[in-house]
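I opened this notebook to keep track of what I looked up in one structure.

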Amino acid sequence: MADDILPLSNAFADATEAEWLAAVDKALKGKGVDSITRHTADGLDVRPLYRESDFPSATNPLGTPGVAPYLRGPTAAPDAYLPWDIRQAFTHPDPATTNAEILRDLERGVSSVELTLDPTGQTGVQVTDLASLTTLLTGVNAAIAPVALDHTRDAGCDAAELLIEWAQAQDDTSALKLDVNLDPLGALARTGGLDASLEETFERLAHTLATLSAHLPGTGHLRIDARMVHEAGGSDAQELGALIASAIDTLRRIPDADFAAIAPHITFSLALDANYGLGVAKLRAARRLWARCLELLDVAPVPMRIQATTSARMLTRYDAWTNMLRCTTAAFAGAIGGADIVTVRPFNSALGIPEELGRRIARNTQIIAMEESHLGRVADPAGGAWFTESFAEDLANTAWAEFQQIEKEGGFANSLLAGALQSRVATVRDARAKDIAKRKVPITGVSEFPLLEEIAAPIADPVKPKPAPAAPRMAETCTPLLPIHLAAPFEALRDTAAAAKKAPSIFLATLGPVAEHSARADFARNLFAAGGLAAKEPPVVPKSAAELAAAYKASGCHIAVICGSDTRYPDEAEAAAAALKAAGARHIWLAGKFEAPGIDSNIFMGCDVLHTLTLAQAELGLSQ
């Protein structure tokens, strides 16, 4: 058989690792391969090269797919028709409108639906009674297409009881596929409050679980959700640590809980962003963590049921079309990482309520991955990859340390009530914000390569919800883990620029021939466009400082950036700055690190771009 393999590498000379490292060292001009090691928000290294010795399978046996403790997934043979559940979330406030959307999407490839419920109608479907729930689910066959609940405002017991009542009116309750997704501690983390004490909340939860077990035994009961940690700016290890801590705290707070009976009815929910390598490792790390917990609880191993949802914090309002790429890479991580359920957010969901195009692209992203790219044909395709296995182990260990810290604080609920977890998440969030401001973490379409004349993405028409019942008084309160958008500071600047009566701009004061100044002119154009400022250039190459000043006055700009080469700056930059100031320039930047009288600020790789843009808008008299 081996003789039949095409010798594709025969045309290339064999190369040793030492030779490869030498070539890398030469390309990096002597800095060495370690100089391109990256670091995650958890401080973990992502090295450029991994070897088998980095994760020797002999000392870290993970077993095989479908075999306990299910570290490599629940099955050795993925379903040929539906290797994972394509679950679409629905958020339109009006139940009738949402019903029409559900029926349309089920016809077009969605395999299950998730109803984001909100009695106020502000962040989800406004379901307040059995009639509105019946309207929402009219024509939906829950025996074929699973129906899941997503509770945005509370622990979910009210909605669960409505769903039980709806289910009991169906012909065959035993055939229904439902995920009630009760999650009181997740609600506390998301909203900052519970309308009853923890003890009362879990007593009611136990009652609801007993009702589900009696009438809908095949239903998914609990969802342990840590996505709010991610969406609030937390790290991967913080999200995983919170996930496990929430699961353990939930189980021990349920009165007379039978852990072995409850474990198969739990869904775990995580967020995936555009870094698919880390996303795959996150899912693998989650399975290792939960398997360890079951072992310590003396519960027989059961597969960890994971729902992966594409990150909301990574989505942008400007150049929203780029969100399609972000969601595609996140969906890839979910498929390759072995998620049981994958939910892709519509690319336009950061703009408002998604309409048909957004949902169509979301579901087709998964359908293409499944049916054309065949990502579900192989069980655990990432298994054995040296980076994936090694990094998943590092991430699991770091997440376990976070879990232990939460346990020292009294468990997930007590950590939230004391604000301890929120404080650690804020530290990571603020550090990432500084990197975003300096474009060390670039956001394509917003902080990098922004389009000033973009085509707006469509959204559904705004809907005014019906009057909502009064919000209950909170009995337990904490600082909520509120969601952020990574691009928000830059998008605020774009909003300010867009609101200006006249399109704001900056003058590119170019020095020397095009070959000398084009690189820095392009850099400056891209940088200031991130703040909504268009760039204007001299119509012809200026031959003197006087010609440069004349071109500046003709442009109608009030600020300028000098762009040239390092060799030309010592002879011409100071004179150019003086001429521009004499022509009325309020503020002058220079692209590069050269300093001279008349130059107010510098822009360069690694500078604080957000500060620069805020200053530029202030000089132009724009206000946020």
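This is a predicted model: local features need pLDDT of at least 70, side-chain atom pairs count only at pLDDT 80 or more; totals for chains, interfaces and linings use all residues.

**Entry: the largest pocket**

I began with empty space. Rolling a probe the size of a water molecule over the atoms shows where empty space is left. I found about 1100 Å³ of space in the largest pocket. Its lining is made up of 41 residues. I looked up which of them lie nearest the centre, and they are Thr116, Thr123, Thr152, Ala312 and Arg345. By class, I recorded 15 nonpolar, 15 polar and 11 charged residues in the lining of the largest pocket. I then asked which elements take part. At least two lining residues come from each of strand 3 (85-90), strand 4 (112-117), helix 5 (184-191) and helix 7 (227-231).

**Entry: the second largest pocket**

The second largest pocket holds about 940 Å³ of space. I listed 29 lining residues for the second largest pocket, and Asp273, Asn275, Arg432, Val441 and Leu486 are the ones nearest its centre. Strand 1 (38-39), helix 11 (323-336) and helix 15 (420-437) each give two or more residues to this lining. Which element has the largest share of the lining of the second largest pocket? I found that helix 15 does, with four residues. The lining of the second largest pocket divides into 13 nonpolar, seven polar and nine charged residues.

**Entry: helix 12**

I checked the length of helix 12, which runs over residues 356-372. With 17 residues at 1.5 Å a residue, helix 12 should span 24 Å. Its end C-alpha atoms are 22 Å apart, which agrees with that expectation.

Next I looked up which residues of helix 12 are buried. They are Gly358, Arg359, Ala362, Arg363, Thr365, Gln366, Ile367, Ala369 and Met370. I traced what these buried residues pack against, and noted strand 3, helix 2 (95-107), helix 11 and strand 11 (341-343).

The N-terminal end is capped by glutamate 355, with a side-chain oxygen 2.8 Å from the backbone nitrogen of leucine 357. Just after the helix, histidine 374 has a positive phi of about 60°.

**Entry: backbone angles**

Most residues other than glycine have a negative phi, and most peptide bonds are trans.

The peptide bond from alanine 68 to proline 69 is cis, and its omega is near 10°. I placed proline 69 in the loop between strand 2 (45-46) and strand 3.

Aspartate 298 has a positive phi near 60° and is not a glycine. I found aspartate 298 in the loop between helix 10 (276-296) and strand 10 (305-310). Is aspartate 298 buried or exposed? Its relative accessibility is 71%, so I count aspartate 298 as exposed, the cut-off for exposed being over 50%.

Aspartate 380 also has a positive phi, of about 50°. Its place is the loop between helix 12 and helix 13 (386-408). I count aspartate 380 as buried because its relative accessible area is 11%, and buried means under 20%.

**Entry: contacts of aspartate 380**

I stayed with aspartate 380 to see what surrounds it. Leaving out residues up to four places away in sequence, aspartate 380 touches Pro65, Arg72 and Arg284. The side chains of aspartate 380 and arginine 284 are joined by a polar contact of 2.4 Å.

**Entry: leucine 136**

I located leucine 136 in helix 3 (residues 130-137). Leucine 136 is at 0% relative accessibility, so I count it as buried. Apart from neighbours within four places in sequence, leucine 136 is in contact with Pro95, Thr98, Asn99, Ile102, Leu115, Leu117, Val125 and Val127.

**Entry: serine 112**

Serine 112 counts as buried because its relative accessibility is 0%. Not counting residues up to four places away in sequence, I found that serine 112 touches Asp85, Ile86, Arg87, Gln88 and Pro146.

Notes:
Residues are numbered from 1 along each chain as its sequence is written. Side-chain values use heavy atoms; hydrogens and water are left out. On a 1 Å grid over the protein atoms alone, a cavity is a set of points where a 1.4 Å probe fits but cannot get out, and a pocket is an open set with protein on both sides within 12 Å along at least five of seven lines; lining residues have an atom within 4 Å of a point. Grid points are joined across faces, edges and corners, and a volume is the space filled by probe spheres set on the points. Ala, Val, Leu, Ile, Met, Phe, Trp, Tyr, Cys and Pro count as nonpolar, Asp, Glu, Lys and Arg as charged, and the others, Gly among them, as polar. The expected span of a helix is 1.5 Å times one less than its number of residues. Buried means under 20% relative accessible area, exposed over 50%, partly exposed in between (1.4 Å probe, protein chains only). Contact means heavy atoms within 4.5 Å. A polar contact is a pair of N or O atoms within 3.5 Å; within protein, one must be able to donate a hydrogen and the other to accept it, and residues adjacent in sequence count only if both atoms are side-chain atoms.
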